[in-house]
Amino acid sequence: MFGLQLCRFVSLILLSLLLSGDTSDGAPFGNRKSGKSPSVFSLFNLKEKSRFWSESVIRSGYDDLESSNAGKFHVINYTKAGNIANHLKLLEVDSLYLPVPVNFIFIGFEGSGNKEFKLNAEELERWFTKIDHIFEHTRIPKIGEILTPFYKISIDQEHRHHLPMISHINYNFSVHAIQMSEKVTSIFERAINVLGRKDDVSSTSDDEIGLWQVDVDMMDVVVTSLVEYLQLEDAYNIFILNPKRDAKRSKYGYRRGLSKTEMDFLKENKSLQDRILQSGNIPDSVLALEKIKRPLYEKHPMAKFSWTLTEETDTIEWHDRCQDALNNVEKLYQGKDTADIIQSKVLQFLKGKNDDLKHFSEKDLKSGDFSGFQAECLTDTWIGNHRWAFVDLSAGPFSWGPSVGGEGVRTEQSLPNVEKTIGAVAEISEDEAEDRLQEAIQEKFAVLGDNDNHAVDILLAEIDIYELFAFKHCKGRKVKLALCEELDERMQDLKNELQSYESEEHEESHKKKAIDALKRMENWNLFSDANEEFQNYTVARDTFLSQMGATLWGSLRHIISPSLADGAFHYYDKISFQLFFITQEKTRSIKQLPLDLKSIMDGLSSLVLPSQKVQFSPHMLPLSEDPALAMAFSVARRAAAVPLLLVNGTYRKTVRSYLDSSILQHQLQRLTDHVSLKGSHANSRSTLEIPIFWFIHGDALLVDKHYQAKALSDMVIVVQSEPSSWESHLQCNGQPLLWDLRRPTKAALAAVSEHLAGLLPLHLVYSQAHNTAIEDWIWSVGCNPLSVTSPGWHISQFQSDTIARSYILTTLEESIQLVNSAINLLVMERTSEQTFKLFQSHERELVNKYNYVVSLWRRTSTVTGELRYTDALRLLNTLEDAAKVFADYVNVTVSSLHPIHCTRQRKVEVEFDMTTVPAFLVVIFILWFVLKPRRSKPKIN
């Protein structure tokens, strides 16, 4: 029996060995491919595609991804894709473009302005299409101490950034150049003359030669009325002025308020102060213009570059109304002495709408203390309260910026100068022309030397000299030089001589040189009097246009789309300002504090968008009654020796008392028992609380050595002290800029705007070439918190738009990061035949959710490009939710596929081989032999 079982066991082993095959090809997972295929589904991967919206890259539905018959062909395509992202043709978003409409408005360039300079559309297009009209939004990391011994900006480059320094969001500027007619130029020239007055009223001379100041508040009325008349409010408007200069006024600039000599006159004249206080009401503006409209275009062209030449009929109605208004102003000021003019100006401050000046004047007049009332800088650029700014090329030149050292300071050569470029060419005399021609001849033939040059080479050298000279000094002149006429005759002789070399007896090389030179001369028209359709481009004009292009490019970078501070700035429905006024001793009420609470609240309210609500919670915290807070103040107080080099070259070392913001922040954060000191970002996007710690101190006190206010991650610190004329590190036109430390409202608003939306001073911008922040002080102008040339703190529409755009950029950036992370998961998820049917159940919803995010991106971009920021802000919560829903659904889809991937599938493959037939026969024989029935033996007793 045992032998029978053993034979059966051996036979089974042999059978299993013979039937077993190589199962290595039966692995549970097939080969996976991870290569990327070209995408037509990604709307924003635009490195090798168009940079503008394209309808073809947005899927209209699901039909192009799904078929009703999901047969073997679709399975093969799915598996060959390698990963789900390739199957859906999804790539990570590289860039998203926000259109920005810009108007460059040229006044005085039609031939009636300064030096009768005339610009052509072809010239403008030639130069201004070279302006980089597409560039990334940038962020500036946390700035360290600005005032190092070498006045260099230091930034923290190792800090981990929430959002990238070079953003996914790109600005796409659509430049529309508009040349105004002679009528508009005449109004601006008239306004400068009527609204201008002497800067130095102490001079008794009637001579008009000297420095003049133009009332920029009244110029604001003129510029705003033109923008509204032509209905250009749907774009950012940069005016370039080239008015004809009045020969009697050698230099003029723009200023809001009074000059220094006018201030001194007001301080010393008590009777004038009494007259002003006793005066009745006057109109808000002496220059009143009725609002009329005549649209220049129905909609901004939104092209890379477009050009419009206005006709006189387009602006004739505006011209007539402005002319009448300016005549009335001239009559009003006619025959008035200095005291009357100053009285009229101060009354405009008191009764006008400029809150920052109104509060100054009322308190100063009633107290008789004018020590903190400083004259503003005279400038030739200005940023208005609305969406316009201007640069006057005939004004100035002026300078401002750091007193000693520093980068990007505004100098007298910073702006293009018509007189020194175009004017210099036109004013060259006959003697100067001859001298320059002789210098050119000597220089050219010095290069040729004493070598044995052929006559053709001499002729060619002479032609080169005359061509360059005529290009610089003969073309584009009103009065033709006699030397140019002589050169014209000489060029005819040279042409005849060159033609003589076309005969066959001359060498081939010389003949070729002569023919090439004649071809060059065929199209010349350098000396003729014929009117050309297009004026030739001279070196002087090219120099002027290139410098002007750089100036206008700076306006795009510093005013319209400035860099923002590093951080994520979200939109909240309500902004709650927690004001903590910290004093040395206890005061009965806030009204008794040495500050104007209404002015502060008005300024903070201007930082809030129309769609947001604002709330104020003022508190008083006396250090004498709060030991913990007093300890925090004492620990943070420091002193430092600060070396100064003044404008006049004097070296001074001062010991400066200041609060270390890092220590103070740390100490305040430790005061957990002070529940009211906590500012917080609410879990929802309903309310943002901003704690503002306003320290009121007697002696001179600053923050971090050089500031009156500082924005931190979770609070704002403001310091107010007694000095009324603190000499800062900045200068304007050779005079130091003085700060009134008793009124830090301007600095406080700048710090709060940085904390709220990331706004930075106008002179700062991020440079990709330097990989750090750089300075350019040209556009640090206007009566806004971010400029240095004016103590005013009125928020411009440029800054309001930047605040709104900051919220939009943060949401767009975070949604792009979320979508990219989701797409990256799809890239990592490999496709296989086993997951096809399950993935099909998620595919439609996945594509729909992605398309919804794309549609919101597109809608936000379109609405933002139309400057409808309120409508764009309404889309942010929806966009946040849509991006999160897409990312969550990607996670759900990937998770649902993982159990199938993890299930082990076994598969046995049997291969039939003829060589195994004998073995089968042997096995069968053995089995037959072992298992065959046997005949039973008869039992014999």
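Buried means under 20% relative accessible area, exposed means over 50%, and partly exposed lies in between, with a 1.4 Å probe and protein chains only. By that cut-off, 50% of the 941 residues of the chain count as buried.

This is a predicted model, so local features need pLDDT of at least 70, side-chain atom pairs count only at pLDDT 80 or more, and totals for chains, interfaces and linings use all residues. Residues are numbered from 1 along each chain as its sequence is written, and side-chain values use heavy atoms, with hydrogens and water left out.

**Whole chain**

Show the chain as a cartoon. It has 26 helices and 24 strands. Both are DSSP runs numbered from the N terminus: helices are H or I with at least four residues, strands are E with at least two. Contact means heavy atoms within 4.5 Å. Among contacts with a separation of 6 or more, 79% join residues 24 or more positions apart.

**The five-stranded sheet**

Select β14, β13, β17, β20 and β19. In that order they form an open sheet with mixed pairing. Two strands pair if DSSP finds at least two bridges between them. β14 (613-622) and β19 (709-711) are the edge strands, each pairing on one side only. On average, neighbouring strands of this sheet are turned by 15° against each other, direction ignored. Axes here are lines fitted to C-alpha atoms, for helices over the stretch in contact, and angles run from 0 to 180 degrees between N-to-C directions.

Three bridges link β19 with β20 (residues 716-720) in the antiparallel sense. Pick K710: its bridge partner in β20 is I717.

Go to Y572, in the loop between β12 (564-565) and β13. Y572 has a relative accessible area of 4%, so it is buried.

Next, H755 in helix α21 (residues 745-757). H755 counts as buried because its relative accessibility is 11%. Leave aside neighbours within four places in sequence, and H755 is in contact with F569, I690, A711, L712, S713, D714, M715 and V716.

**The three-stranded sheet**

Select β15, β16 and β18. They form an open sheet in the order β15-β16-β18, with mixed pairing. β15 (637-645) and β18 (702-703) each have a single partner strand, so one side of each is left without a neighbour in the sheet. β15 and β16 (residues 651-659) run antiparallel and are joined by nine bridges.

**Strand β21 and its partners**

Select residues 726-732. This is β21, and five of its seven residues are buried, so the strand is largely enclosed by the rest of the structure. On one pairing, three bridges join it antiparallel to β11 (residues 400-402). G401 has Q731 as its bridge partner in β21. On another, four bridges join β21 antiparallel to β22 (residues 735-739). There, Q731 stands opposite P736. The hairpin of β21 and β22 has two residues between the strands, and N733 takes a positive phi near 55°.

**Nonpolar cores**

A nonpolar core is a set of buried Ala, Val, Leu, Ile, Met, Phe, Trp, Tyr and Cys residues joined through side-chain atoms within 4.5 Å. The largest has 132 residues. Show F106, M548, I560, L604, I692, Y807 and W857, which have the most contacts inside it. Helix α22 (residues 797-828) gives the largest share, twelve residues. Another core lies apart from it, with 37 residues, including V184, V222, L326 and W382.

**Cavities**

How many cavities of 30 Å³ or more does a search of the whole structure find? Seven. A cavity is a set of points on a 1 Å grid over the protein atoms alone where a 1.4 Å probe fits but cannot get out; lining residues have an atom within 4 Å of a point. Grid points are joined across faces, edges and corners, and a volume is the space filled by probe spheres set on the points.

The largest cavity holds about 100 Å³. Its lining has 14 residues, and H558, P562, L760, L762 and L786 lie nearest its centre. Helices α17 (539-560) and α22 each give two or more residues to that lining. The largest share, three residues, comes from α22.

Key. On a 1 Å grid over the protein atoms alone, a cavity is a set of points where a 1.4 Å probe fits but cannot get out, and a pocket is an open set with protein on both sides within 12 Å along at least five of seven lines; lining residues have an atom within 4 Å of a point.
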